[in-house]
Amino acid sequence: MPKRKLLFSISDSEIFDAYMSASTHFTLGTLFEEGRRRSILYSKREDVESIAKKLSRQVYGYRELQPIEDYFSQIARTDKTSSIEIDATLSQQEIKQIADELAEVAVEDEMTSYLDGPDVVLNTLYTKTDYSRNRFRQRQPKQAVVRFDVRSDKTILVLPATTKGREIATAFQNRLSAARQDEIKVREIDLSSVLDANSRSSF
């Protein structure tokens, strides 16, 4: 049986909401230009809301929806961070091996690991789905960067204060515990209220 193609539909109210929720991007000039591409000339006396409402009632195919979808598909701004301190002496090689293992077993996410000086970085690209939001905002590309700050007597994991960040950190700790015989003490430090990057790195 042939695999069914996924179909995409959207209402005029959802297109209107998309235009209005990103008015700094879809400016009056941008909407005028969209009208001109459709051979429609709007009065300069009209405002963004008026033109957005009229444009949303037009026919939209893939080519017309693509610029809107591309904008809302951009990776969101950086999440707040938290930190986990592992009171154990770990080598860079040991951490990198576990990071590589996590990347190999990742199915839905695109996960890569690399060295940054003495540190190990695990970068994860994933999609966050929220069906309660506007159709264009339901699937948001996200990025979770977990940095392993390798020190002589401990290793500090700096991670996004998100569900995905905690999932990655937990998966790392589970593999680390399974690979070592000694007991590993873990202490979590919440850095979500510290906005300055320099302050977060010098705690």
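So, alanine 52: it's buried, with a relative accessible area of 0%. Keep in mind that we're looking at a predicted model here. Buried, for us, means under 20% relative accessible area, so at 0% alanine 52 clearly gets that label.

Where does alanine 52 sit? It's in helix H3, which covers residues 48-56. And what does alanine 52 touch, once we skip residues up to four places away in sequence? The partners are Phe16, Tyr19, Met20 and Leu31. There's also leucine 28, 24 residues apart from alanine 52 along the chain, and their C-alpha atoms are separated by 8.9 Å.

Okay, let's go from that one residue to the two helices. In general, you describe a packed pair of helices by the angle between their axes and the distance between those axes. Here the pair is H1, residues 12-21, and H3: their axes come within 8 Å and cross at roughly 145°. The crossing of H1 and H3 is right-handed. Which residues in H1 and H3 meet? On the H1 side you've got Asp12, Ile15, Phe16, Tyr19 and Met20. Across from them, H3 brings Val48, Glu49, Ala52, Lys53, Leu55 and Ser56. If you sort the residues of that contact by type, you get 7 nonpolar, 1 polar and 3 charged.

Now over to the largest nonpolar core, which has 24 residues. Ile86, Leu122, Phe148, Leu157 and Phe172 are the ones with the most contacts inside it. Which elements give two or more residues to this core? They are strand S1 (81-87), helix H5 (92-105), strand S3 (119-129), strand S4 (139-150), strand S5 (155-160) and helix H6 (163-179). H5 supplies the largest share, 5 residues.

Let's zoom in on phenylalanine 172. Not counting residues up to four places away in sequence, phenylalanine 172 touches Ile86, Ile95, Ile98, Leu102, Phe148 and Leu157. Apart from this core lies another one, of 17 residues, and Ala22, Tyr42, Leu55 and Leu65 are among them. You've met Leu55 already, by the way, on the H3 side of the contact with H1.

Last stop, threonine 124, which is found in strand S3. Buried or exposed? Threonine 124 is buried, because its relative accessible area is 0%. Who's around it? Leaving aside neighbours within four places in sequence, threonine 124 is in contact with Asp109, Glu110, Met111, Lys142, Gln143, Ala144 and Ile168.

Conventions. Residues are numbered from 1 along each chain as its sequence is written. This is a predicted model: local features need pLDDT of at least 70, side-chain atom pairs count only at pLDDT 80 or more; totals for chains, interfaces and linings use all residues. Side-chain values use heavy atoms; hydrogens and water are left out. Helices (H or I, at least four residues) and strands (E, at least two) are DSSP runs, numbered from the N terminus. Buried means under 20% relative accessible area, exposed over 50%, partly exposed in between (1.4 Å probe, protein chains only). Contact means heavy atoms within 4.5 Å. A nonpolar core is a set of buried Ala, Val, Leu, Ile, Met, Phe, Trp, Tyr and Cys residues joined through side-chain atoms within 4.5 Å. Axes are lines fitted to C-alpha atoms, for helices over the stretch in contact, and angles run from 0 to 180 degrees between N-to-C directions. A crossing is left-handed if the near helix is turned anticlockwise from the far one by less than a right angle, and right-handed if clockwise. Ala, Val, Leu, Ile, Met, Phe, Trp, Tyr, Cys and Pro count as nonpolar, Asp, Glu, Lys and Arg as charged, and the others, Gly among them, as polar.
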